[in-house]
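Please look through the sequence and the 3D structure below before reading on.

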Amino acid sequence: MRSWRSESNRDQPRFDREVLPHLDSAYNLARWLAHSEHEANSILRDAWQSALENIDQLNANGRLWILTIVRNTAHAAMSSRSDDLSAIFFDDPDVFESTTTEASFMIAADQDMVANFITELPLQFREVIVLRELEHLSYSEIAEVVGVPMGTVMARLHRARQRLMQRLSDRVPEEHKLGL
Amino acid sequence: MDCKESRSILGAYVDGELDARSVLDVEDHTRACPNCSSTLVSLRGMKQVVQSATYYRAPETIVAVTQEKVRTQSRFRQVWKALFFVSALCVAAIGGWMMGRRNQPPRVDANTEAVAAHLRALMANHLLDIKSSDQSVVRSWFAGKLDFVPPVDSYKADGYALMGGRMEFIDGHRSAVVIYGHKNHVIDVITYPSRENEKLTQYSERGFSAAHWTSRGLDYSLVSGLNRADLHEFVDLVRANAYSAR
């Protein structure tokens, strides 16, 4: 139990109250954006340090705030990588055409495979998918963390899902596909 | 709505991010269009699949490292804080001497602080330092920490259950917060000693309803997500109690 004494030093309890509870969220985002566990640890440590130094700038939601810092730290750390700089991506084939049933997705998907598909997404698509499906942020919250308009969030999610859908349906056995 | 249009917003539909009008449009369209309707099924399936991906929790080692950093940092900060505090005291003393006794700072700030404290506690999931529905347990928890006796009462018969307590720093005062639960809402009853004599005011801020008054040497703030009418009922109970039981 926290002692009352520490309350007189106001930044520390503030950090404990508003940022510390979101350590898992912060780590999860770092881990998905980074290419390795090692890189994730280093991103998280840098982000944490920066959050500590700037706690006085926190003025709203601690979770969104730490996620934003992690996201920006990850981008800075990874900006030298060419693979993630390429925004050129797949064309816009209407992959949603090749539909499959919900059940067959479940048959086809195992965790490793799903993780691979997400990891293959370029950074800007990967981050919106992770923030939406694993952190359950709303579009406006994602817009805040990523620093783009909500329309862009929606468009990126759409393209990320097209890509995931394509990869998933490649793996679904023919007989499970709906004939279209 | 045509298929192209429908496909571009089906994702937002599944995410529950469309406005009511567009929701109706999408539903009308998918009812009539087998292609879009099976796309919808796929999208939902895929969403489930993606959500089944590993959620990485922070490993113990990282937790330890970050906490150690927090502590080291805070020791440095304490030194700076102390220096800052001393200089602030000097400024305050000089200011006080020059200006003589001035009016109290505006009450608005304290109200905002009371609501902010409530919100912070909710967000950080740190509502209770002591969790108990037993009045005497909560009372004795406060006993060693405060230079006054905060009102810890039971309104169970009226549907307000005692949940526990925590400490806050409101408007420069070491304050007791006693927490009650009512209809899935929590109510913070914040008290600290006061010589003022202030009438009951009710206000709302950031979607919370709140009330403030002074009574028998204590400054009361109530903050809650309850609606105004319910909070008012509870305010009446607390006020009545302050006059009868104490």
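In which hand, left or right, does α8(A) pass α9(A) in their crossing?

## Helices α8 and α9 of chain A

This is a predicted model, and in it the crossing of α8(A) with α9(A) is right-handed. Helix α8 covers residues 123-134 of chain A and helix α9 covers residues 139-146 of chain A, and their axes, which come within 10 Å, cross at roughly 135°. Because angles over 145 degrees are needed for a roughly antiparallel pair, α8(A) is instead described as oblique to α9(A).

On the side of α8(A), the contact is made by A:E127, A:V128, A:L131 and A:R132, while α9(A) brings A:Y139, A:I142, A:V145 and A:V146. Sorted by class, the residues of this contact are six nonpolar and two charged, with no polar residue among them.

## Helices α4 and α8 of chain A

Helix α8(A) also packs with helix α4 (residues 62-78) of chain A, at an angle of about 160° and with the two axes 12 Å apart. That angle makes α4(A) roughly antiparallel to α8(A), and the crossing of these two helices is right-handed.

The residues that make this contact are A:L67, A:R71, A:H75 and A:M78 from α4(A), together with A:L123, A:R126, A:E127 and A:L131 from α8(A). By class, the contact of α4(A) with α8(A) holds four nonpolar, one polar and three charged residues.

## Aromatic pairs

How many aromatic pairs does a search of the whole structure find over all chains? The search finds eight. Among them is the pair of A:F15 and A:W48, whose ring centres are 5.5 Å apart and whose planes stand at 85°, an edge-to-face arrangement. Since A:F15 lies in helix α1 (residues 11-18) of chain A and A:W48 in helix α3 (residues 37-53) of chain A, the pair ties together parts that are 33 residues apart in sequence. Both A:F15 and A:W48 are buried.

In chain B, one aromatic cluster is formed by B:Y155, B:Y160, B:Y180 and B:F234.

## The make-up of chain B

Chain B has seven helices and seven strands, and read from the N terminus on, its elements follow the order α-α-α-α-α-β-α-β-β-β-β-β-β-α. Of its 246 residues, 44% count as buried. When contacts in chain B between residues at least 6 apart in sequence are considered, 58% of them join residues at least 24 apart.

Key. Residues numbered from 1 in each chain as written. Chains lettered and ligands numbered in written order. Predicted model: local features only at pLDDT ≥ 70, side-chain atom pairs only at ≥ 80, totals over all residues. Heavy atoms only, no water. Axes fitted to C-alpha atoms, helices over the stretch in contact; angles between N-to-C directions. Helix = DSSP H or I, 4+ residues; strand = E, 2+ residues; numbered from the N terminus. Parallel < 35°, antiparallel > 145°, perpendicular 65-115°, else oblique. Left-handed = near helix turned anticlockwise from the far one by under 90°. Contact = heavy atoms within 4.5 Å. Nonpolar A, V, L, I, M, F, W, Y, C, P; charged D, E, K, R; others polar. Phe/Tyr/Trp six-rings, centres within 6.5 Å; stacked < 30°, edge-to-face > 60°. Buried < 20%, exposed > 50% of the residue type's maximum accessible area, 1.4 Å probe, protein only.
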